[in-house]
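User: Hey, can you walk me through a model I've just opened? I'd like to go through one chain and then its partner.
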Amino acid sequence: MKICKRCVLPVNFPHIMFDKEGVCSLCRGYKGKAHTEKLKKEYKARFETLIRSRSGMSEYDCLMCYSGGKDSTYALSLLKNIYKLRILAFTFDNGFIPDRTYVNIRNVVEKLGVDHIFFKPRFDIIRKIFTTALKRSLYPVKTLERASVLCTSCTGLVKYIAHKFAVEKEIPFIAFGWSPGQAPVTSSILEINPLMIRGMEGVLKGPMARIAGKAIDAYFLNERHYAKPGFFPILAHPLAFFPYNEKAIIRKINKFGWRKPNDVEMNATNCLVNPLADEAHIARYGFHPYALEIAAFVREGYMSRAEGLRHLPFKKDRKLINRLKKRLGV
Amino acid sequence: MIKKPGHDIKSELKKFIIDNFLRRAKAYQLSDDDSFLKKSILDSIGVIELTNFIQSKYGIRVKASEIMPENFDTLNNLERYIDKKLKED
């Protein structure tokens, strides 16, 4: 399989083209580190202006979607220690959180001094959605570039449950711990009209409702929320405009009592079901769901191309895959 | 970049949507009134990418409050919105 000579994207990745030199269209369109740094400064300044204007209006300034992984732990620490925000950290328990991650979450929120809630949806609903996501394409093609169908389902639920909390508690920001490779800096601050959110919510809710029925309504916005358009939060993922160095991040968060779980795969530090989701994605679409993120890291110089290529081959752990399938009843 | 005489906004938008969000095999099915949201063509990052494209291609500034279905959800709506913004600017 042909792979871009500069990054790690394969020729069958959606919407890209390769030129005669074997370089992909995303690399050819990359404007360089200086341009990225300029954008980072702009978005950071914009974030800081928004914080100054919107904080202090309710009992929390920010709802942090906190998976307990290394990136969201680091993002939480930045929001607390640098910006001094009053934070409600929220963890979505999909039933596949590693044991060590529960310990990490407890250690980190206690050390940082933030309020924290777990939300655990009905596992029978998660099981139905996840097992269908392993077999079928449910969402727009664009979503496949960034994550497996299973992960898009899960993060979609996280996003809209977070929206519900934010609107109900009048919290002006929702923050995510997405890495700079997961979403570009130009999407690091999202202010979207609630009318548009309603449409976008439907893109995820529709397929899930067909799988799981009306019970899914509990995880999405309803007319009570849409009746409060002025309380819809701004979404931010601050790691997009901070320096990103994985080793330095892990050193910093070790001080909060965070340790990498030893039963997770290379590309995820917070969820056990990733290998199953990755396997299904690769089998159906022919490329790794982390390819776009790793390619962005390579382009920005956070890792070498050689290191990026080492992250991508899928190492099948048959015993683990079978355990995960058993948990899902597949 | 400012709109030049003869700019066919709708064709340029259609090409951008097809190149970035649609499987090429289904590209021919996109009509000017198709809802991007109802047809599950755009997600939230897609909306941002489209906004960035419009801003840099046509030199207009899109306010967050303007990102709504009435302006963004079909090729026709987008063309109307961009025309209006170009006349304001």
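Analyst: Accessible areas here come from the Shrake-Rupley method with a 1.4 Å probe, and for residues only the protein chains shown count as cover. Chain B exposes about 4,600 Å², with carbon and sulfur atoms supplying 50% of it. This is a predicted model: local features need pLDDT of at least 70, side-chain atom pairs count only at pLDDT 80 or more, and totals for chains, interfaces and linings use all residues. Residues are numbered from 1 along each chain as its sequence is written.

User: What are the elements of chain B, from the N terminus on?
Analyst: They run α-α-α-α. That's four helices and zero strands, with helices being DSSP runs of H or I, at least four residues, and strands runs of E, at least two.

User: Now the contact with chain A: how many residues does each chain give?
Analyst: 24 from chain B and 23 from chain A, contact meaning heavy atoms within 4.5 Å.

User: Which residues form the salt bridge?
Analyst: B:Glu49 and A:Lys142, their closest N and O atoms 3.3 Å apart. The rule wants a side-chain nitrogen of Lys or Arg within 4 Å of a carboxyl oxygen of Asp or Glu. The count between the two chains is one.

User: And which elements give two or more residues to the side of chain B that touches chain A?
Analyst: Helix H1 (9–21), helix H2 (44–58) and helix H3 (69–72) of chain B. H2(B) gives the most, six residues.

Definitions and conventions:
Chains are lettered from A and ligands numbered from 1 in the order in which they are written. Side-chain values use heavy atoms; hydrogens and water are left out.
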